[in-house]
Amino acid sequence: MEFSSDERVLVSPRHLAGTGDRVADVLGPLIHLANWRHTHDESAGCITVDSPDGSIFIDFTPTAFEGVWWTIAHHEPFWRITATQQTPPEVLAGVTHLLPQLLDTTRHPDRIGLSDYTVAELARLYDWTTADNASGVSFTSPDGHCTVRHTPETEQPWYVEHSVRDGAGTHWHAAFEGEVPDALVRQFFVYLATDVPVERTVEDIPYLARDQAQMTPLNRKPPSGALGPQIAHAIGGIVDAVEKTRRR
């Protein structure tokens, strides 16, 4: 199927989708619903957000070309999550939306559903491959492009790395340092591994990732009686999985 560069599509898996234009989803709920303090440098696009008690800060710096765009950090006990440019914002939003609840369990506890599964259990659920090694364990996406490494008892116990055939523009990584709460790690992985597609324009998806991703047009007028884009995307994913199985 041919797509124009500005066409909006549903895309999966999420790790291939790139940054897109949904950055506001990461910080908007904290600023507008939870009343976290923020500053915005409009000329550079940089945003900083602080929790009401000053224990957590978030820094968004899109001027760092292919470098660390996101920092989410807690002062005491110290922990920090950093992520580079092409990290899908929906994955980071899964983390930031949980932060008010993490600080105050009585504040809207019904708004965020938390997974009770471990990362290992989630990996099995989403068909990621698990591999044990001398330093810990790793979990790799079904297409082999994204790997989550867990090395306990180190300064950086969790590390996520992504690329498509080592291609330019497809690289991103996220690092978890210090005592990052398990709930945030699980939330990151759930929002990364889920098969629910995200929305992008075609030009937002890294070029070398497009032939690896499943894309479904979002705004084309379907023929009479045709399925909606979400259902069509889900069925397309099933068909792709069957074809891959036959080729093995």
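Ser-12 stands opposite Gln-214 in strand β13, where strands (E, at least two residues) and helices (H or I, at least four) are DSSP runs numbered from the N terminus. The model is predicted, so that local features need pLDDT of at least 70 and side-chain atom pairs count only at pLDDT 80 or more, while totals for chains, interfaces and linings use all residues. Residues are numbered from 1 along each chain as its sequence is written, and side-chain values use heavy atoms, with hydrogens and water left out.

Strand β1 (residues 8-12) runs antiparallel to β13 and is joined to β13 by four bridges; two strands pair if DSSP finds at least two bridges between them. These strands belong to an open, antiparallel sheet of three strands in the order β12-β1-β13. Because β12 (198-201) and β13 (214-217) stand at the edges with a single partner strand each, one side of each is left without a neighbour in the sheet. From one strand to the next, the twist averages 40°.

Two cis peptide bonds are described here. The bond from Ser-12 to Pro-13 is cis, with omega near -5°, and Pro-13 lies in the loop between β1 and α1 (24-32). Glu-76 and Pro-77 are likewise joined by a cis peptide bond, with omega about 0°; Pro-77 is found in the loop between β5 (68-74) and β6 (79-84). Most peptide bonds are trans, and most residues other than glycine have a negative phi.

Positive phi values occur at Asp-127, near 65°, and at Asp-166, about 60°. Asp-127 is placed in the loop between α4 (119-125) and β7 (129-132), and Asp-166 in the loop between β10 (158-162) and β11 (172-178). Asp-127 is exposed, with a relative accessible area of 54%, and Asp-166 is exposed at 58%. Exposed means over 50% relative accessible area, buried under 20%, and partly exposed in between (1.4 Å probe, protein chains only).

Helix α2 (residues 89-96) packs against helix α5 (residues 182-193) at an angle of about 150°, with the axes 8 Å apart. The two helices are therefore roughly antiparallel, a term for angles over 145 degrees. Axes are lines fitted to C-alpha atoms, for helices over the stretch in contact, and angles run from 0 to 180 degrees between N-to-C directions. In α2, Glu-90, Val-91, Leu-92, Gly-94 and Val-95 meet Leu-184, Gln-187, Phe-188, Tyr-191 and Leu-192 of α5, contact meaning heavy atoms within 4.5 Å. The residues of this contact divide into seven nonpolar, two polar and one charged. Ala, Val, Leu, Ile, Met, Phe, Trp, Tyr, Cys and Pro count as nonpolar, Asp, Glu, Lys and Arg as charged, and the others, Gly among them, as polar.

Notes:
Parallel < 35°, antiparallel > 145°, perpendicular 65-115°, else oblique.
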